[in-house]
Structures are given as structure tokens and as C-alpha cells.
Amino acid sequence: MTRREVLQGMSAAMMLSTASGLEAQASGAKADVVYELRVYHANEGKLDALLARFRDHTVEIFKRHGMKSVAYWTPTDEPLKGRTLIYILEHPSRAAATANWRAFHDDPEWVKVSTASEVNGKLVEKVDSTYMTLTDFSPAI
Amino acid sequence: MNRRNVLQGIGAAMMLSATSGLTAQGAGDDTGVVYELRIYHTFEGKLEPLLKRFREQETKIFERLGMHGVGYWTPDDEPLKGRTLVYMLRHKSRAAAKESWAKFSKDPEWVKLKAESEANGALVEKHDITFMTLTDFSPKV
């Protein structure tokens, strides 16, 4: 990418942010952006297989469908340690989140990977999902 | 089980030992770093004063004591909406987290702020704490 292309991209981004900035109320928040906190409770002995699926496939499939990964963590203490994955996604809007998840579930790679990873049983017992908005005093993410 | 119970369950992993961080499997080059997910369930009508306390002073006290605010959010949906603050701190290590919180609770600005903000009653009914480390495939945050 040349400097000219970079600068063109920047000015386009500035115009977009000017337009959306009119609706933004919070310094840390981008207009309609939503964050999704997801907590996966793995079945006994399945956390490593779940982490491998995310590492090798799921994260890339998210990216393909406009789901931005903020970060992925594992708890360090009992009772969640060794059986839990916690992560946060950023979606352009709540409507986009719904559309993104639909596209994700229909993605041929996901269909193949999820089936292959669960030949010996399901990896995840339960998923908790909480949609959230950045507060006006939050750092941008 | 409603979402509130689920989130309370997430927070069941309380900090029990300052040394447990030594055995945590960290990601990348900064193996000591830990993240702390905190979920505050407020008393009826107390979310706004809680947000005000964070906005005006509490987050600044965190930063002064070496606790880095990654993000501060409020849930969008019932039953957590309007009564919950979710935030995440990054600490240099588990031992540093323990030390920072010990300093925080004795910090003169905090002691004064807490007393003033709770003149009409406590703001937070219950808080859930989960210490975590980044997975090896996570973006940095």
C-alpha cells in the first residue's frame, strides 16, 4: 500500500467518523458498536480441544464475518480453571451481531469444523452471552 | 437460571492466593500479566451514582495505583440492564493485583470518595471477580 492510498483511506475514515460522530454520545464508544462477553463452560476434559478449535479455526471464521476479537482468556482459579473460555467480540451494531452469528453458523468451514471436533462428544456444555455498550468514561478498545 | 445468576456464577472464582499467579499459563512474552473481570450488581437506582463515581474519580485512582482499565461496560439487556457495571482491569502480575487492591482500599482519596458516594446507602449489592490470563491465540489487549 502506498502512502497515497493510506492517506486516501484515512480521509475516508475521517469522513465516516465525522458522520457517525454526530450520534456518538460517549467518548469511548463508536455510535452503534456493541461488545459481546461470552463465557463457555466446557464439558469435562474438553477445554483443550475447544481452545484448539478456536486457535485453528473459529477466530479466523469470526474475522471473515465481521466479528472482531477483542481478546480470549482462561480463568486462573477454581472452580472455572481448566473448564472455561471467556472472550469478548466487537460487532458494528446489535443488528450486525445477529446477522454475523447467522452467517457464522452457515459458514461451510464452521459446519465442517464443528462436526469434526465433536465426533467424540460436544465440547461446550453451556454458553453465556452478555451484550454490552462501552460507558462514556471507558478507554476505547 | 437467569443471566444474573449466570454472571454471579462467573464471579465465583475468587482470588484465594497471591502465589497462584506463579503457576498461571500466560500468553506471549508477558507471562506475569493477569486480567481481572469484575461485575458489579448495584442496588435499585444506584447504577447512575456508581457510574458517576467511576467516571469522576475511581478509574483515576486505579490508574494511579498501577491498575490499568481495559474497558468499562454496561449490559444492554434485561435482567442486567440498568443495574450492572462490567469492567476489566489489567495487572502486571497476580501479586501486583493483590498489592494494588490493598493500597486502593487504604487510599485517602478512595476512602473519602466511598464515604461521600455512600452517604445515602451502599451502591453495590454484590461483586463478582474472575482472574484470567490471555490465551496463546488472543490479540493483545
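**View 1. Glu36(B) faces Phe131(B) across a pair of strands in this predicted model.** Phe131(B) belongs to β4(B), which pairs antiparallel with strand β1 (residues 34–42) of chain B over 8 bridges. Pairing here takes at least two bridges found by DSSP between the two strands. Strands themselves are DSSP runs of E, at least two residues long, while helices are runs of H or I with at least four, all numbered from the N terminus. In general, strands of a sheet pair through backbone hydrogen bonds, either parallel or antiparallel.

A quick note on reading these views: residues count from 1 along each chain as its sequence is written, and chains are lettered from A and ligands numbered from 1 in the order in which they are written. Since this is a prediction, local features need pLDDT of at least 70 and side-chain atom pairs count only at pLDDT 80 or more, while totals for chains, interfaces and linings use all residues.

**View 2. Strands from chains A and B close up into one barrel.** Go around its 8 strands and you pass β1(A), β3(A), β2(A), β4(B), β1(B), β3(B), β2(B) and β4(A), with antiparallel pairing. From one strand to the next, the twist averages 35° (angles run from 0 to 180 degrees between N-to-C directions of axes, which are lines fitted to C-alpha atoms, for helices over the stretch in contact).

View 3. Look for Trp73(A) opposite Leu134(B), and for Thr74(A) with its bridge partner Thr133(B).

**View 4. Helix α2(A) lies across β1, β2, β3 and β4 of chain A.** It runs at about 10° to β3(A). Follow α2(A) along and you'll find a kink of about 50° centred on Phe54(A); that bend is the angle between axes fitted to the seven residues ending there and the seven starting there. Among the buried residues of α2(A) are Leu47(A), Leu50(A), Phe54(A) and Phe62(A). Buried means 20 or more other C-beta atoms within 10 Å of a residue's own, exposed means 12 or fewer, and partly exposed is in between, with C-beta atoms placed from the backbone. Their cover includes α3 (94–106) and α4 (108–117) of chain A. After α2(A) comes Gly66(A), whose phi is positive, near 75°.

**View 5. Gly45(A) sits in the loop between β1 and α2 of chain A.** Why does Gly45(A) count as exposed? Because it has 12 C-beta neighbours inside 10 Å. Gly45(A) and Arg83(A) are 38 residues apart in sequence, with their C-alpha atoms 7.5 Å apart in space.

Methods
Two residues are in contact if their C-beta atoms, placed from the backbone, lie within 7 Å.
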